[in-house]
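Visitor: I'd like a quick tour of this one, with the cut-offs spelled out as we go. Can you take my questions one by one?

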Amino acid sequence: MNKAQTLKRRLGNPKPFLSVAWDTEDIPSQVSINPNFKWKDINWKKVEKSVFRLQKLIYIASSRGELRKMRRYQKLLLKSYYARLLAVRRVTQDNQGKKTAGIDGIKNLPPMQRLNLVDLLSSRHIKASPTRRVYIPKPGKNEKRPLGIPTMYDRALQALVKLGMEPEWEARIEPNSYGLFRWSTHDAIEAIFSSINKKPKYVLDADISKCFDRINHDALLGKIGQSPYRRLIKQWLKSGVFDNNQFLKSVEGTPQGGVISPQKRKHLPARYGGKT
């Protein structure tokens with residue numbers, strides 16, 4: 001648990017606050033030291049627009065098959081201070097799981113520690129930590145569903161990786177999938193109405209048992225290819241889990257409960273063309 005203690009110490013260290021040097025480009029220039037800067041002073045509208053512009057470049061490059069250009073944009077997003085700010089906000093402020101701690105015991109970060117976490121994400125020298133297994137009841141059933149809760153640092157880094165991966169894969173998925181760049185919620189509603197208003201149809205809700213628990217790691221990594229995020233994703237897949245203080249090694253399957261897990265979907269404001 002030394003890694004968890006190290007994270008706690010770094011997040012609690014009262015380093016000078018970093019201010020965002022707001023830039024006209026997609027990626028901000030080097031940040032400057034400003035001890036008066038606070039979390040509440042961040043212009044979130046400008047942060048979201050800047051990250052969205054870079055995500056759009058990734059989406060366009062992916063849809064055109066320009067892989068080298070797409071990888072370059074993804075690396076830029078991974079280093080972006082705007083993207084790190086947005087990733088930290090989503091896991092420490094917007095996400096309902098912000099009050100649930102991983103093996104590091106960290107939850108409900110105050111504004112100062114959120115800024116320290118943003119700064120900590122720039123190094124990325126810390127390896128992925130095991131998740132903490134918790135069980136939640138399934139609606140309408142007597143059984144419980146296992147979830148793996150990552151550390152706060154891993155959650156923020158997963159949110160950062162997700163910002164770069166979603167536009168890449170949305171350009172390749174089925175045409176009837178609606179999300180980040182593919183139209184809006186109203187388009188999805190219109191497509192559903194057009195398909196069912198002529199005659200009655202069945203709507204099936206399928207739950208494939210143990211689907212995500214048995215995904216082959218090598219096959220998944222092969223599908224990802226030479227992504228800038230490959231090394232991080234492999235670490236999360238192989239990080240293992242603590243269940244009742246017993247460490248279990250990850251051999252197959254994907255951890256469910258984190259930001260980047262298969263059952264998680266990002267919801268964007270309608271003004272950015274996303275789901276609401």
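Predicted model: local features only at pLDDT ≥ 70, side-chain atom pairs only at ≥ 80, totals over all residues.

Visitor: How many bridges join β3 to β5?
Guide: Residues are numbered from 1 along each chain as its sequence is written, and side-chain values use heavy atoms, with hydrogens and water left out. Strands here are DSSP E runs of at least two residues, helices are H or I runs of at least four, both numbered from the N terminus, and two strands pair if DSSP finds at least two bridges between them. β3 and β5 run parallel, and the number of bridges joining them is 2.

Visitor: Which residue in β5 is the bridge partner of T131?
Guide: Strand β5 covers residues 241-243, and β3 covers residues 131-137. The β5 partner of T131 is V241.

Visitor: And what does V241 stand opposite in β6?
Guide: β5 also pairs with β6, this time in the antiparallel sense over 3 bridges. Across that pairing, the residue opposite V241 is L248.

Visitor: What is the strand order of the open sheet?
Guide: The sheet has 4 strands with mixed pairing. Its edge strands, each pairing on one side only, are β4 (144-149) and β6 (246-248). Put together, the order is β4-β3-β5-β6.

Visitor: By what angle are neighbouring strands of this sheet turned against each other on average?
Guide: Axes are lines fitted to C-alpha atoms, for helices over the stretch in contact, and angles run from 0 to 180 degrees between N-to-C directions. For this sheet, direction is ignored, and the average comes out at 40°.

Visitor: Which residue in the turn of the β3 and β4 hairpin has a positive phi?
Guide: β3 and β4 pair in the antiparallel sense over 6 bridges, with R133 opposite G148 and Y135 partnered with P146. The hairpin has 6 residues between the two strands. The turn residue with a positive phi, about 75°, is G140.

Visitor: On to the core: which element gives the largest share of it?
Guide: A nonpolar core is a set of buried Ala, Val, Leu, Ile, Met, Phe, Trp, Tyr and Cys residues joined through side-chain atoms within 4.5 Å; buried means under 20% relative accessible area, exposed over 50%, and partly exposed in between (1.4 Å probe, protein chains only). The largest one has 46 residues, and W39, L77, L85, L117 and I233 touch the most other members. Elements giving two or more residues include α3 (67-79), α4 (81-94) and α6 (152-170). With 9 residues, the largest share comes from α6.

Visitor: Why do the buried residues of α8 line one face of the helix?
Guide: In α8, H217, L221 and I224 are buried, while D218, G222 and K223 on the other side are exposed. The arc is that of the directions from the helix axis to the C-beta atoms. Seen down the axis, the buried residues line one face because they fall within an arc of 55°.

Visitor: Is Q55 buried or exposed?
Guide: Q55 is in helix α2 (residues 44-63). A polar atom of its side chain lies 2.8 Å from the backbone oxygen of L163. The relative accessible area of Q55 is 3%, so Q55 is buried.

Visitor: What about L57: how far apart are the C-alpha atoms of L57 and K69?
Guide: L57 is also in α2, and is partly exposed at 28%. K69 is partly exposed too, at 31%. Along the chain L57 and K69 are 12 residues apart, and their C-alpha atoms are separated by 9.0 Å.

Visitor: Which residue's side chain meets K69 in a salt bridge?
Guide: A salt bridge is a side-chain nitrogen of Lys or Arg within 4 Å of a carboxyl oxygen of Asp or Glu, and the structure holds 7 of them. The one at K69 has an N to O distance of 3.6 Å, and the partner is E66.

Key: Polar contact = N/O pair within 3.5 Å; in protein donor to acceptor, adjacent residues only side chain to side chain.
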